[in-house]
Amino acid sequence: MDNINGGLCADTTLPVIDFSNFGDGTSAEAKEIADKFYVACRDVGFAYLANTGIPQDKVDTMFDLCAKFFNRPVELKQRAPHPPEGWKHRGYSGIGVEQVSQMVFDADELAKIRSQALDFKESFDFGNDSELARLQNVWPPEEDLPGFREHAVAFYRACREFQTSKLLPALALGIPGVPEGFFHEYHQEADNQVRLLHYPAAPAESFLNGEKGRINAHTVRTTLQPVTLGL
C-alpha cells in the first residue's frame with residue numbers, strides 16, 4: 001500500500017520496506033532493500049510494503065467496490081457462491097460459514113476448534129482470470145455490480161506485476177545463497193489469490209463469551225488495508 005505514512009503506521013514497530021528505489025534489482029540500493037525485506041520476513045514475519053508501484057487509483061477503486069459488494073443484500077452476494085469444496089478459494093463466503101485452522105492435524109484438536117463459534121466474517125475470493133487457470137473465478141452478474149469484474153482483474157494484474165518485478169526478486173536477492181530468479185519457477189502459473197474481507201462490528205462481549213468467533217491464527221501473505229481501525 002503506497003500511502004503508508006498515514007496514521008495507521010505512525011506508532012507501529014513493524015518494519016516498512018520501501019520499494020521506490022528497487023529499480024531492476026541490480027543496484028546497491030536494491031540490495032539494501034532486499035536485505036531489509038529478508039530480515040523483516042525472518043525476524044518479524046510481517047512488514048509494510050511501501051511504494052510498490054501498484055497504482056493508488058486501482059487500490060482506491062478496489063476498496064470502493066469491496067465496500068459496495070459487502071453492503072449488498074445477502075441474496076445478491078450469494079449469486080457468486082463459494083464452491084462447496086473448502087480448497088476452492090473463489091467466490092463469496094457468508095458470515096459464520098468458515099472456521100479457519102492451520103497446521104492442525106490432531107483429530108481431537110480439530111474437533112475442539114470446530115466446536116467453537118464460527119468466524120464472524122465474510123469474504124470474496126478471486127484470482128487469475130485466464131480460461132487456463134487452475135481455479136476458475138466465480139463472479140457476481142455484471143448487472144448486479146457493474147465494473148466489479150473488470151476492476152478486480154485489473155487490480156489482480158497490478159499486484160501480480162509487483163510480485164514478479166519486485167517482490168519475488170527482492171526476496172531472492174535478500175536470502176543468502178539463493179540464486180537470482182529462484183522463486184519465479186514456482187509462480188509461473190500465476191496461481192495467486194486475492195481475498196476481500198469484511199469483519200462486521202459486534203459487541204466485544206459476544207466474542208469474549210464465545211457467542212461469536214474471529215479467525216484463528218493463520219498465515220497472511222500480503223495484505224492491503226485501508227487506513228481505518230480494524231479490517
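Is Asn51 buried, partly exposed or exposed? At 31% relative accessibility, Asn51 counts as partly exposed, where buried means under 20% relative accessible area, exposed over 50%, and partly exposed in between (1.4 Å probe, protein chains only). Asn51 sits in the loop between strand S2 (48–50) and H2; helices (H or I, at least four residues) and strands (E, at least two) are DSSP runs, numbered from the N terminus. The phi angle of Asn51 is near 50°, a positive value in a residue other than glycine.

The structure is a predicted model, in which local features need pLDDT of at least 70 and side-chain atom pairs count only at pLDDT 80 or more, while totals for chains, interfaces and linings use all residues. Residues are numbered from 1 along each chain as its sequence is written, and side-chain values use heavy atoms, with hydrogens and water left out. The mean pLDDT of the protein (the predictor's confidence in each residue, from 0 to 100) is 83, and 76% of the residues reach 70 or more. Over residues 1–10 the pLDDT is below 50, and this stretch has 26 contacts in the model beyond near neighbours in sequence, a contact being heavy atoms within 4.5 Å. The pLDDT is also below 50 over residues 222–231, a stretch with 18 contacts beyond near neighbours in sequence. Where pLDDT is low, the predicted coordinates should not be read in detail.

Aromatic pairs number 14 in the structure. Rings of Phe, Tyr and Trp (its six-membered ring) pair if their centres lie within 6.5 Å; planes under 30 degrees apart count as stacked, over 60 as edge-to-face and the rest as tilted. The ring centres of Phe19 and Phe37 are 5.9 Å apart and the planes stand at 75°, so this pair is edge-to-face. The pair links distant parts of the chain, 18 residues apart, with Phe19 in the loop between strand S1 (16–18) and helix H1 (28–43) and Phe37 in helix H1. Phe19 and Phe37 are both buried. A cluster linked by ring pairs is formed by Phe69, Phe70, Tyr92, Phe124, Phe126, Trp139 and Phe148.

Phe37 is also a contact of Ile17, a residue placed in strand S1. Ile17 counts as buried because its relative accessibility is 3%. Leaving aside neighbours within four places in sequence, the contacts of Ile17 include Ile33, Lys36 and Ala40, together with Ala47, Tyr48, Leu49 and Ala50.

Side chains of opposite charge can pair when their charged atoms come close. The structure holds 11 salt bridges, each defined as a side-chain nitrogen of Lys or Arg within 4 Å of a carboxyl oxygen of Asp or Glu. One of them joins the side chains of Arg42 and Asp43 at 2.6 Å, N to O. Another is formed by Asp64 and Lys68, with the closest N and O atoms 3.3 Å apart. Asp64 and Lys68 are 4 residues apart in helix H2 (residues 56–70), and are therefore separated by about one helical turn. Asp64 is partly exposed at 38% relative accessibility, and Lys68 is partly exposed with a relative accessible area of 44%.

In the salt bridge between Asp129 and Arg149, the closest N and O atoms are 2.9 Å apart. Asp129 lies in the loop between strand S4 (122–127) and helix H5 (148–174) and Arg149 in helix H5, so the pair ties together parts that are 20 residues apart in sequence. Asp129 counts as partly exposed at 23% relative accessibility, as does Arg149 with a relative accessible area of 40%. A network of salt bridges links Arg72, Arg79 and Asp144.

Arg160, found in helix H5, is buried yet has no salt bridge. The nearest side chain of opposite charge to Arg160 is that of Glu161, 7.6 Å away; Lys and Arg count as positive and Asp and Glu as negative, while His and the chain ends are not counted. Leaving aside neighbours within four places in sequence, Arg160 is in contact with His187, Gln188, Ala190 and Asn192. Of these, Ala190 lies in the loop between H5 and strand S5 (193–198). Ala190 is buried, with a relative accessible area of 10%. The phi angle of Ala190 is near 55°, a positive value in a residue other than glycine.
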